[in-house]
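The entries follow in the order I made them.

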Amino acid sequence: MNETEMERLIEILDGVLQAMTGPGPAALKRRLRFELDERQVTADVDGAVAWLFGEMLGGDASQPGHAVFARHIRSWDAANEAPWSAGTKRLTQERRSLVCSLLNFDAGEQAKILDRIPIAKSFDDATLIATEHQDWYSELRKRRTGTFYWDHYKRYLQNQGGWDENATSSLDESTDKVLRCLSDPERQDAFAVRGLVVGYVQSGKTANFTAVVAKSLDAGYRLIIVLAGVLDSLRFQTQRRLDKELVGREQILQDKEADKPHEYSGDQDWDKFASYGGLPGELGAFNLRRITTSARDYINLGQGRDVLKFEKRYPDRPLNDPDNLHSATARIVVIKKHPAVIRKLMLDLRGLKVTLDDIPTLIIDDESDQASVNTVNPNRKRKAGKPDKDRTSTNESIVQLLAMFPRSQYVGYTATPAANTLINPSDSQDLFPRDFIELLPRPANYMGVSDFHDFDADFNPLDKSEVEELGYHSHRKAFVRQIKDSDDTAVFRKAIDAFFLAGAMKLLRADRDPGSVSTRHHTMLVHRATSQDAHEDDRNLVTTLLAQNAYRRKSALDRLWRLWLDDFSPVSEAQEPGLARPLNLAELEPFLTQAFEKFESARKQVLVVNGRDDHKDDMPDFDKENVWNILVGGAKLSRGYTVEGLTISYFLRKAAAADTLMQMGRWFGFRRGYRDLVRLYIGTQVSAGKKSEKKTDLYDLFESICMDEERFRKRIALYSKDGIRPIQVPPLVPMGMMIPTQKNKMYNAEITMENFGGNVAESTRVPFNEKDRKANAECLRTLVANAALSPVELFGYDGNGAKRSLHGHVRSVDPLCFVHFLQAYRWGTVESQFSSVLGFLNGVGEDSPGIDSWLILVLENPSSKSHWSLGDLALGTFSRAVVNDRFKVFSESRHRDVAKHLSYVEQLGNPNEKLRALARPRQGVCLIYPTVSTDFSGAGKVEDKAVTVGLSLTFPKNGINQKMNWRVRDPSKEAPAFLDDADDDVAQGH
């Protein structure tokens, strides 16, 4: 059998398996024999079937026959509920056994399949909170009808994008949840939906909304409008991505002008664009027509606006009648999020002079927290002679666009959701995600903000001793390098060295294991300032340092080899021990030479990417060229724009708001094959402003944002199980050390009771002024005054055998006494961070917290050189970092584990005698830390005014059913932030 015949047989195998996608697995041998007979491929049908079975069952992942079979097996493993699944749960042995049985495999064959194609581990599900809705989409998926675009997109991701079945199944699951929340396009009465999908920065949100677009097209949505960021570069990137992965070659070619090349004729990836084998309308589906192209944003169509008109098979029926809808050509518009562009589209739509009521419309708002959110303050003082303005221009244009389509389904996508969730919920015309909010899971192989910091399971920063124990397994030690002085050219030179060394390592790995890492793009980002004039200065500085580094000299090679030995080699060994590494300079040298040559052969080596006209030609085109460059930039590199191949980042830019700073993290993303080579050079002593002498640690800022973000996600996930609705989310947005977003409206709901049973509560936002510090110290002295504190050492062992321990002084107090202590504690200018804790502790009857006593543990640090007086005790203080007037953390994980044992939340192994004696159910535990800020303290004895009394509370489990209670913050408002179910028409289903 020759190679061509083998390829033909595998193609037939794929086709037979694909035909089973909807109906489910069926007798495979019989189906293959029938297909081979029907097509008359070979005279030896039995021999061909035997060969295919040998490929499927005896091959490995590198053999095409096995790969095709494995892909379909994993697809059935991960499929959601379907008629053929007989109630078996996905990704289980029961599901696999059913699949193999339906395929008519015997016991021996099933064992081989399980050995060679193990069942994938379950992936993290997306978290969804939503109002009640009619789940029309689940019924549609069960029938497996009309999935043309989604099926092709899924195969594209697997064949061209290298996605495994686990990844596509996760995408399938998360996007199904979005579709279920949308309105049925065939529904008679129009129902508009507003929703929000929250991912991570640079984590594949575009793939998610592309899948939503594909599924919505299949379901019957016929007008797709994508608001693709505020910059031309972002719009182009999104247009090309949708063209490449969804629209496909055939439909792109249909748009081209006669006798002219198509718009992607110079694109080296043209052969990787999706292909349907013909126009979808000729293949039993429907066509997708583009109104914008990669070269052209939306323009006034004038007399050509009829391209927006939808044809109807039955003119006397509405477009969304099933007999009209599923044969109609769909339209897709990808536009820049700019008022003038949106108004052009609206002008042409109005010029059609047709009803828009029956057009099922999906509007995707990418980076929906940018520009879309209304920031006009209705209570602001208006200047004389200035017209009143209730909305920003962009927000107003989006709201008007949505109002044109009664069936509009608006889905915002963002990685920083604070602005969206703080939109005024009572403004029915605005963009508050009233119908659903979905939090996407962290994708596999993603390198995000938490990969550059060291946290425990609760996302508290590890202390210095724990980080030291981790060595180069520590994320900070592995990937982060400090810039202590913005003029530190030695560090800047080393960062440029790291860029070339990392590039050479990519080339070496690609040579030894082709396909393991992409070498098409390799980039370094320099982000030092907002000023465009400063960017040109930075380019000149980089050019100067490149010359000084003299990479063609032997001394430069020796210097790079030392950098490998001192920095990169130990990190690679700890973080990615399975990836290739050179043994000596001789092995690395030819790849260093290649790296220099790739960089030097670029049209420009150092590119300035900002909004200035004289820098337009510097914008790298990652689609049409190989990019081996150092990029200096500002806003254009701060949000949405993907810097491909980014490995080295040099970051000094400060931001005022948390979401702005997080969006600057272009170093987040997928780093297959070179995760260990990534380096972040970041400022730890950055000026807070031109007139300020205060310095800011940008690394600590990112760390604090990450802590808030992950805790926010955990709280949403926790309360989603109890039916929390989007309207109740705003009070959960963390008010951390930075304002979460700029100038947007606050909310009108507050939490009155949050069930903390079995959890830990800790606030690190406390006052630093001398008066409040002393007052809090006196509160503590009052709490422990009536009884002597007993010294204790408590310890036990966790499941991994690690010792969990603490040193301190203990006493027990009654619940009322402890509540009085919390009420007297001063929180400075910030509203009490423990207000919901107090509401919980004051609960009675069914809302009783179930606490009979509180165990007070005043901890001490035996190794501290500074001490603080509490009565007759001289306690060793704890040193904790402060960022922007907020402690990063008080407690330590080993201390919290002991507290959980004491309150019967979790048990440690082999507890010492004192720990066993003190542990009891219905007991709360308060860990108290006499804390000195590393920013304020000095050596030697510490005075009372320099000590902060830090608190960490552990609550025993209880029998309260509800997780949270709410109330309206301001009853005088016409529309509260949430409504009673009886009055809430949104809750009645859509």
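Entry 1. I began with R116, which forms a salt bridge with D115; their closest N and O atoms are 3.9 Å apart. The model is a predicted one, and I kept that in mind throughout. I noted the cut-off of 4 Å for a salt bridge, so a pair at 3.9 Å is counted.

Entry 2. I looked up R603 next. It forms a salt bridge with E625, and the closest N and O atoms lie 3.5 Å apart. This pair links distant parts of the chain, 22 residues apart. R603 sits in the loop between α22 (585–600) and β12 (606–609), while E625 sits in the loop between β12 and β13 (628–633). R603 is partly exposed at a relative accessible area of 48%. E625 is also partly exposed, at 24%.

Entry 3. Are the two partners buried, partly exposed or exposed? R894 is partly exposed, with a relative accessible area of 28%. E892 has 7% and is buried, because buried means under 20%.

Entry 4. I checked for charged residues linked beyond a pair. D135, D172, D176, R180 and K215 are linked in a network of salt bridges. For the whole structure I wrote down 52 salt bridges. As background, I noted that side chains of opposite charge can pair when their charged atoms come close.

Entry 5. I turned to helix α2, residues 28–39. It has twelve residues and reaches 16 Å from its first C-alpha to its last, close to the 16 Å expected at 1.5 Å a residue. Which residues of α2 are buried? They are L28, L32, E35 and L36. Seen down the axis of α2, these buried residues fall within an arc of 95°, so they line one face of the helix. The face turned away from that buried side carries the exposed residues R30, F34 and E38.

Entry 6. I asked what covers the buried residues of α2. The cover includes α1 (3–19), α3 (45–58) and α4 (64–78).

Conventions:
Residues are numbered from 1 along each chain as its sequence is written. This is a predicted model: local features need pLDDT of at least 70, side-chain atom pairs count only at pLDDT 80 or more; totals for chains, interfaces and linings use all residues. Side-chain values use heavy atoms; hydrogens and water are left out. A salt bridge is a side-chain nitrogen of Lys or Arg within 4 Å of a carboxyl oxygen of Asp or Glu. Helices (H or I, at least four residues) and strands (E, at least two) are DSSP runs, numbered from the N terminus. Buried means under 20% relative accessible area, exposed over 50%, partly exposed in between (1.4 Å probe, protein chains only). The expected span of a helix is 1.5 Å times one less than its number of residues. The arc is that of the directions from the helix axis to the C-beta atoms. Contact means heavy atoms within 4.5 Å.
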